[in-house]
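Student: Please take a close look at one part of this model. I would like the sheet, strand by strand, with the cut-offs spelled out.

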Amino acid sequence: MAILIRAIQRANPRDKDAPKKWYAVQNSTGLVPETKVAELISDETTLNPSEALMSIRQLRKIIERLMADGHSVKLGDWGTFSPSVNSKGKDKKEDLKATDINAVNINFQPGEELKAAMQKVDFIWIDKLIEGKTNTGGGSGEDDRPVIE
């Protein structure tokens, strides 16, 4: 398991005259649909793929219902889902109405276990993969992985 990364050069938006710097960015390897996730769950449990899919869909419904009631939902060490709102600003508190809410967003705060697991992933540089060098990391033998906070 590894995350594909590539180098991209970016300018400093606060200082247009500053020299551009190189940054590592993740390259997605695709989107996994819930049916595939259900198949993977069935491979690891006693559930069949249909039961696993039903469990995923029920979990989604429960999370939606709880967040619609204003709750944050913590799923063990996996993380916490929380609703948040964006609204128009008003000069006076009395002028602020529910109709001034532009959007309801969903925030996900990963738990410590998930964060720790992501710190252990390997990285493969796409340009090295194309060249046929599939070593992970920076290729220098040193650990040049970014720290995720």
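Tutor: **The sheet and its hairpin**

Strands β3 and β4 form a hairpin with 3 residues between them. In the turn, G76 has a positive phi of about 55°. Strands here are DSSP runs of E, at least two residues, and helices are runs of H or I, at least four; both are numbered from the N terminus.

The model is predicted: local features need pLDDT of at least 70, side-chain atom pairs count only at pLDDT 80 or more, and totals for chains, interfaces and linings use all residues. Residues are numbered from 1 along each chain as its sequence is written, and side-chain values use heavy atoms, with hydrogens and water left out.

Now the pairing. β3 meets β4 (residues 79–87) in the antiparallel sense, over 3 bridges. Two strands count as paired if DSSP finds at least two bridges between them. K74 has T80 in β4 as its bridge partner. V73 has F81 in β4.

On to the next pair. β4 and β5 run antiparallel, joined by 9 bridges. Here V85 stands opposite V104 in β5.

Put together, this is an open sheet of 3 strands in the order β3-β4-β5, with antiparallel pairing. The edge strands are β3 (73–75) and β5 (101–110), each pairing on one side only. From one strand to the next, the twist averages 25°. Helix α2 (residues 49–68) packs on the sheet and touches β3, β4 and β5, where contact means heavy atoms within 4.5 Å. The direction of α2 makes about 145° with that of β3. Axes are lines fitted to C-alpha atoms, for helices over the stretch in contact, and angles run from 0 to 180 degrees between N-to-C directions.
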